[in-house]
Amino acid sequence: MNARFLIPALLFSSLPVLAAPSGEPEAPAEPNARAAQEETVVRSWLVVERVDGRGRRPFRPDAVFHRHVFENGAAPPAAGETIAGENGEFEWSEREADENGWVGGRLGYAFARVESERERVVIARLRGASTLLVNGEAYVGDHYNHGWGGVPVRLRAGENLLYVNGMRGRFKLALVEPENRLVLGTWNVTRPDLRAGEAPGGELGFLVMNASLEGVESLTVRVAGSPLFVGSSVDAEGLPPLGVRSVAVRLEPASDNAVVEDEGALAFTLTLSGHPDEEPVEHALELDVVREGGVARRTFRSRVDGSVQYYAVLPPAGEREEDAATGLVLSAHGAGVHAKNQAGSYAAKPDFWIVAPTNRRSFGFDWQDWGRIDAYEVLADALARTGVDRSRVYVTGHSMGGHGAWHLAANDPDGFAAVAPSAGWQSFDTYGGRPEGELRELWHAADRASRTVDLLSNLVQMPTYILHGGGDTNVPAKEALRMFDLLREAGGRPTLHVHAGAGHWWSDGIGPKVDCLDWPGIFTLFRRNAIPALPESLDFTTVDPVVDAEHHWVRVLQPTKYGELSRVKASWNREENRVELDTENVRRLQLSGEPSRAGAFVLDGAELAGGPADFARVDGAWTRSAPPGPEEKSPARGGPLKRGFDRDFVLVVPTAGSAAENAAALARANYDAGVWWYRANGDASIVTDADFLARSVEFRGRNAIAYGNADTNAAWDRIFDAGCPVRVTRGAVALGGRSFEGDSPGALFVRPRRDDPDALAVGLASSGPRGDRLAPTLALFVSGVGYPDYCVFGPGVLTAGDGGVLAAGFFDHAWRLEEAGAGGR
């Protein structure tokens with residue numbers, strides 16, 4: 001039995017019933033857990049249409065969840081029963097799956113009963129829907145219908161109540177009993193390609209699941225069977241009961257002069273062990289060997305969570321003109337497109353590397369949040385490998401990737417020499433839309449980086465080529481026309497080409513490969529432009545220094561008001577050795593390079609003599625000041641909430657509460673880890689509070705995500721600072737001078753981690769198990785959804801959406817409560 005998960009494992013097997021019984025990785029492969037065993041398909045359902053809307057919002061009404069799942073002992077639905085919500089009143093009706101097990105229709109929820117002779121763990125393969133609820137416990141589904149092998153779920157002895165929601169169309173649910181308690185998810189392996197003529201190596205990432213009610217203390221992974229790689233053994237962090245995680249292994253060359261010789265595939269064996277009384281799981285894997293000059297996958301470990309991610313590279317080929325500079329094109333793919341296919345849509349150029357990141361998945365995060373971070377991690381790795389000069393980096397993309405090109409360029413105007421969106425949409429508010437609500441302004445302020453139009457002053461400075469199909473019915477051409485008009489009105493000089501009659505994905509044989517990506521005019525623009533080295537005039541807007549703080553020689557360290565735009569207009573007069581700056585919503589800023597050594601600085605009309613170029617606005621007046629210390633927000637450590645998941649984060653679950661409290665928190669953390677794996681190809685390690693305290697040195701520099709509350713999580717006061725204005729205890733949430741009592745209020749908040757000057761701490765807190773039950777209705781890992789620094793909420797969100805939010809807003813520069821502002825409460 002796993003010592004680290006001993007208490008949760010015992011409690012999990014006796015988890016209280018939450019709903020009482022009534023009277024990428026490209027192609028799916030068979031899992032090792034009874035791959036050949038026949039699935040048990042759930043065929044008989046009660047279904048209801050979408051009673052409430054979903055959309056990109058942090059809290060949403062959910063009448064079905066409120067009536068049938070949230071309360072312990074709630075009765076399941078019956079055929080003919082009606083239920084009302086945002087979209088009107090609807091009736092539950094019986095529905096049978098078709099001969100292949102699929103259930104179709106415009107559905108919001110489906111309900112089924114499943115009998116089990118004993119308590120057991122099965123692999124639930126839910127396809128076409130985002131969430132499976134089994135007796136009130138939430139599990140991630142295969143929303144995008146990749147055909148992957150499912151996740152472990154617990155069935156109790158007797159009748160089990162199952163709910164499915166978040167359908168994307170038709171759905172199917174099959175249950176399979178695993179052959180092994182430790183499951184190697186070979187359908188989701190992130191692997192590098194090997195290139196003929198080059199040295200072998202790279203990072204390998206793969207899914208591991210614990211299909212048992214006992215924790216696994218540690219995992220041992222062995223790689224063997226290939227003459228090109230060193231046989232190795234790696235110990236990795238263990239798994240809680242029903243846990244899922246992505247494990248990383250480094251493939252080391254067998255010698256310094258090892259070289260991949262032929263195209264084809266290279267086979268090796270991966271062996272996984274964890275449960276001491278179970279035989280190791282073994283599986284044969286292959287790495288593709290691609291020809292010299294072909295598109296290849298490269299892998300790396302992400303700083304976000306230590307997981308293995310990949311990108312695709314098409315190297316230059318052909319004769320380069322004398323003195324022609326070599327550039328790097330970052331190409332963002334559309335929804336559902338794999339990075340290798342994206343890079344393969346281009347013909348090789350003599351003067352460009354084509355680099356296609358993944359957005360962490362083929363759907364990922366719309367190139368926002370962790371999709372944006374992925375783009376920058378890929379860019380850093382690619383620049384280090386290729387040696388391309390940083391001034392010769394360009395960004396383009398198609399469809400969702402076209403939005404990604406807008407998004408990256410708008411938020412980082414000195415990061416790219418030119419931008420070229422193809423079939424790109426402007427923002428979630430122009431394409432698809434986001435729901436209205438009482439706190440809409442606050443939620444959008446927490447996700448302001450996605451509002452492209454707010455950052456037009458950044459984009460007008462950048463050479464821009466806009467490409468769109470005139471007959472595009474997926475992303476209408478009006479998205480391109482609107483951006484073209486806005487940029488022109490703001491003083492920009494964009495180039496626009498709308499290809500007559502072309503649809504969403506098109507090619508007319510004009511360019512060397514796929515025209516909607518490999519368009520000649522785009523590369524002509526790229527060749528003509530480079531990022532300027534030291535411009536004398538700057539105009540920079542940032543949504544938050546955590547997103548982008550630096551523009552050439554100006555660095556914004558803190559805004560005056562968080563959740564609002566900050567803008568700096570700067571001019572440097574070389575002859576007079578003088579810098580003038582006009583600012584909006586800037587509290588601290590810093591200059592670098594030659595302008596920082598000017599003899600005079602004029603900030604918003606006030607002149608300061610030459611000297612250190614670190615400035616702060618104090619009582620409305622600018623003065624010199626040291627950069628912010630660890631006790632204040634900074635570009636490296638600040639909110640809003642999602643930024644807590646940016647730095648090698650670890651989920652810390654409680655063991656100091658009651659059986660029900662600990663088990664509810666662990667179930668919530670397991671669900672979050674599953675969603676993170678599915679959406680981000682990620683690894684969310686889960687540790688107990690006791691383990692976190694005992695091994696605190698190992699967790700230095702990592703963001704800590706704490707579940708439960710100060711009474712149930714023994715690590716709480718080690719993780720959160722003494723001045724934290726949010727205090728969650730058993731039966732109450734305190735915020736400043738306010739208190740919200742009962743066992744259902746929950747709180748989401750981000751703070752500086754108390755025992756670490758560099759890391760953040762996030763509270764996914766509840767005052768009791770009822771608060772944890774609300775977790776499946778949140779949208780922590782959904783792009784376009786913004787959570788500010790703190791939110792306090794109760795079950796009222798299930799009926800009133802924003803009306804059930806008790807408090808929400810941003811902390812100030814010193815992590816103190818400030819007036820709600822920006823639509824807060």
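Mentor: Trp 519 lies in the loop between strand 26 (495-499) and helix 9 (520-527). Helices (H or I, at least four residues) and strands (E, at least two) are DSSP runs, numbered from the N terminus. This is a predicted model, in which local features need pLDDT of at least 70, side-chain atom pairs count only at pLDDT 80 or more, and totals for chains, interfaces and linings use all residues. Residues are numbered from 1 along each chain as its sequence is written, and side-chain values use heavy atoms, with hydrogens and water left out.

Trainee: Which residues does Trp 519 touch?

Mentor: Contact means heavy atoms within 4.5 Å. Not counting residues up to four places away in sequence, Trp 519 touches Tyr 465, Leu 467, His 497, His 499, Trp 506 and Ile 510.

Trainee: What makes helix 2 (residues 63-70) largely enclosed by the rest of the structure?

Mentor: Six of its eight residues are buried, so helix 2 is described in that way. The buried residues in helix 2 are Ala 63, Val 64, Phe 65, His 68, Val 69 and Phe 70.

Trainee: Why is the pair of Phe 645 and Phe 649 called edge-to-face?

Mentor: Rings of Phe, Tyr and Trp (its six-membered ring) pair if their centres lie within 6.5 Å; planes under 30 degrees apart count as stacked, over 60 as edge-to-face and the rest as tilted. The structure holds 38 aromatic pairs. For Phe 645 and Phe 649 the ring centres are 5.2 Å apart and the planes stand at 80°, so the pair is edge-to-face. Phe 645 counts as buried at 2% relative accessibility, and Phe 649 does so at 1%.

Trainee: What makes the pair of Trp 716 and Phe 720 tilted?

Mentor: This aromatic pair has 4.7 Å centre to centre and 50° between the planes, and is tilted. Both Trp 716 and Phe 720 are buried.

Trainee: Which residues touch the most other members of the largest nonpolar core?

Mentor: A nonpolar core is a set of buried Ala, Val, Leu, Ile, Met, Phe, Trp, Tyr and Cys residues joined through side-chain atoms within 4.5 Å. The largest one has 130 residues, of which Trp 45, Phe 59, Phe 171, Phe 749 and Tyr 787 touch the most other members. Helix 10 (residues 659-680) supplies the largest share of this core, 10 residues. A second, separate core of 39 residues includes Val 395, Ala 449, Met 462 and Phe 484.

Trainee: How many residues line the largest cavity, and which lie nearest its centre?

Mentor: On a 1 Å grid over the protein atoms alone, a cavity is a set of points where a 1.4 Å probe fits but cannot get out; lining residues have an atom within 4 Å of a point. The largest cavity is lined by 21 residues, of which Ala 446, Asp 447, Arg 448, Val 547 and Pro 640 lie nearest its centre.

Key. Buried means under 20% relative accessible area, exposed over 50%, partly exposed in between (1.4 Å probe, protein chains only). On a 1 Å grid over the protein atoms alone, a cavity is a set of points where a 1.4 Å probe fits but cannot get out, and a pocket is an open set with protein on both sides within 12 Å along at least five of seven lines; lining residues have an atom within 4 Å of a point.
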